[in-house]
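Good morning, everyone. Please look at the sequence and the model on the screen, and keep both in view while I talk.

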Amino acid sequence: MKKTIITLFASLLLIVSCKKAPEATKKIEEKSKVVVEKTFSQKIETTHNKDAFLKNEAVQFDAAIEFGGNEIFNATITVSTTSDIARITYKNGDEIFVNKENIFVSPSLDKNPGVRFHAYTWSYFFLFPYKLNDNGTKWNDDFKTNETTNTFDVAKLTFGANIGDAPDDWYIVYADKKSHLLEHAAYIVTSGKTKEAAEADPHAIKYEDYKTIDGIPFATNWGYYGWNIETGLSDKIGSAKITNIHFVEGFRKSFAIPENYIKK
C-alpha cells in the first residue's frame, strides 16, 4: 500500500511539473525577446548603414571647401573606412599622407602651417556618422539646447583625455527624429587656441543633399554656420561640395609614403 501511495504521489508531482514547464519556458522566452533600446549614436549608425560601410576597405571623394568666398581646400581624399590611413592629393599635386597619428607631406607643403588641420578635419567630417562610438567617445544623451524651435533629437559628444589631436573639442549632434539621419553638428575647434576661446566662437556643419551609394547615404553638400546654444544655427560662413564618392579596394596594399616626404 505504501509503495502504491508513493508511486501515485510521484506521478502527481510529475504531472504538475509537466504542466508548469511550458509556462516557465514561455517566461524565459519572453525575457529573451526583450529589446534593448538603441542609444542616440547607435540609431544614427544604423541609419547610415555602418556595418555595410565598414565592409569596404576605403572610400574616396573630392572635396572643394570655401569660407568667406575663398577656397581653402580642393583635393581628392582616399581614407580607410577605419580612418587609420589616408592620402590627400591636392589639385595642384601636393600630397599629405596620414598614418594614424603621424602625417607626412610633400616638400612643397613643408612650411604650410595648416597641413595637420587639413589632414584630419575633412576626413573626420566625412566619416563622422561612423566615428560616433570610437574609443574615448563620451555621450550625454540627456543634453538639451535652449532652442525654442528645435525639432531634432540632440545629444552631446565629448572625448576622454589624450584622445586625438584635440581632446577638448566637443560636438552637439542633431539627428532627424524619425529617420535618425545626421542633420547637423555644432562643434568647437581647440587646435591652436584655448578651450575658452574656442567656446566663444562655436560653428556648425550641416549635412545636406544626401545621395545613396551602395546602400549607404552620403551628404554631398556641407554648409558651415555660426551657432549658439540659445538659437542654434545663425549666419552661413562656408560650404563644401563633395563629389565622386566611391569605394576603393587595394588601398592598404598601395599605401606607400615617398621617402622624400616630410614628417610633421
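At 2% relative accessibility, Trp222 counts as buried. Buried means under 20% relative accessible area, exposed means over 50%, and partly exposed is in between, with a 1.4 Å probe and protein chains only.

A word on the ground rules. This is a predicted model, where local features need pLDDT of at least 70, side-chain atom pairs count only at pLDDT 80 or more, and totals for chains, interfaces and linings use all residues. Residues are numbered from 1 along each chain as its sequence is written, and side-chain values use heavy atoms, with hydrogens and water left out.

Now the overview. The chain has 6 helices and 13 strands. Both are DSSP runs numbered from the N terminus: helices are H or I with at least four residues, strands are E with at least two. Buried residues make up 41% of the 264 residues in the chain. The chain exposes about 15100 Å², and carbon and sulfur atoms supply 53% of that. Those areas come from the Shrake-Rupley method with a 1.4 Å probe; for residues, only the protein chains shown count as cover.

Next, contacts. Contact means heavy atoms within 4.5 Å. Take the contacts between residues at least 6 apart in sequence: 49% of them join residues at least 24 apart.

Back to Trp222. What does Trp222 touch, not counting residues up to four places away in sequence? The list includes Trp122, Phe125, Phe126, Ile205 and Tyr207. Gly238, Ser239, Ala240 and Ile242 are also among them.

Pick Phe125 from that list. The structure holds 27 aromatic pairs. Why is the pair of Phe125 and Trp222 called edge-to-face? Their ring centres are 6.4 Å apart and their planes sit at 80°, so the pair is edge-to-face. Here are the cut-offs: rings of Phe, Tyr and Trp (its six-membered ring) pair if their centres lie within 6.5 Å; planes under 30 degrees apart count as stacked, over 60 as edge-to-face, and the rest as tilted. Phe125 lies in helix 4 (residues 115-127) and Trp222 in strand 11 (residues 216-228), so the pair ties together parts that are 97 residues apart in sequence. Phe125 is buried too, with a relative accessible area of 4%.

Another ring now, Trp170. Lys156 lies over its face, at 4.9 Å from the ring centre. To count, NZ of Lys or CZ of Arg must be within 6 Å of the ring centre and within 35 degrees of the ring normal.

On to the cores. A nonpolar core is a set of buried Ala, Val, Leu, Ile, Met, Phe, Trp, Tyr and Cys residues joined through side-chain atoms within 4.5 Å. The largest one has 50 residues. Which residues have the most contacts inside it? They are Ile96, Phe128, Tyr171 and Trp222. Helix 4 gives the largest share of this core, 7 residues. A second, separate core has 10 residues, including Phe143, Val154, Ala198 and Ala204.

Helix 4 is mostly covered: 10 of its 13 residues are buried. Among them are Val115, His118, Trp122 and Leu127.

His118 leads us to Ile72. Ile72 is found in strand 2 and is partly exposed at 36% relative accessibility. Ile72 and His118 are 46 residues apart in sequence, and 9.5 Å apart in space, C-alpha to C-alpha. Leaving aside neighbours within four places, Ile72 is in contact with His118 and Trp122, among others.

Asn74 is also in strand 2. It is partly exposed, at 22%. Its contacts beyond four places in sequence include Ala63 and Tyr90.

Last stop, the backbone. Ser83 has a positive phi of about 65° although it is not a glycine. Ser83 lies in the loop between strand 2 (70-80) and strand 3 (85-90). Asp209 has a positive phi of about 50°, and it is not a glycine either. Asp209 lies in strand 10 (residues 203-213). Buried or partly exposed? At 48% relative accessibility, Asp209 counts as partly exposed.
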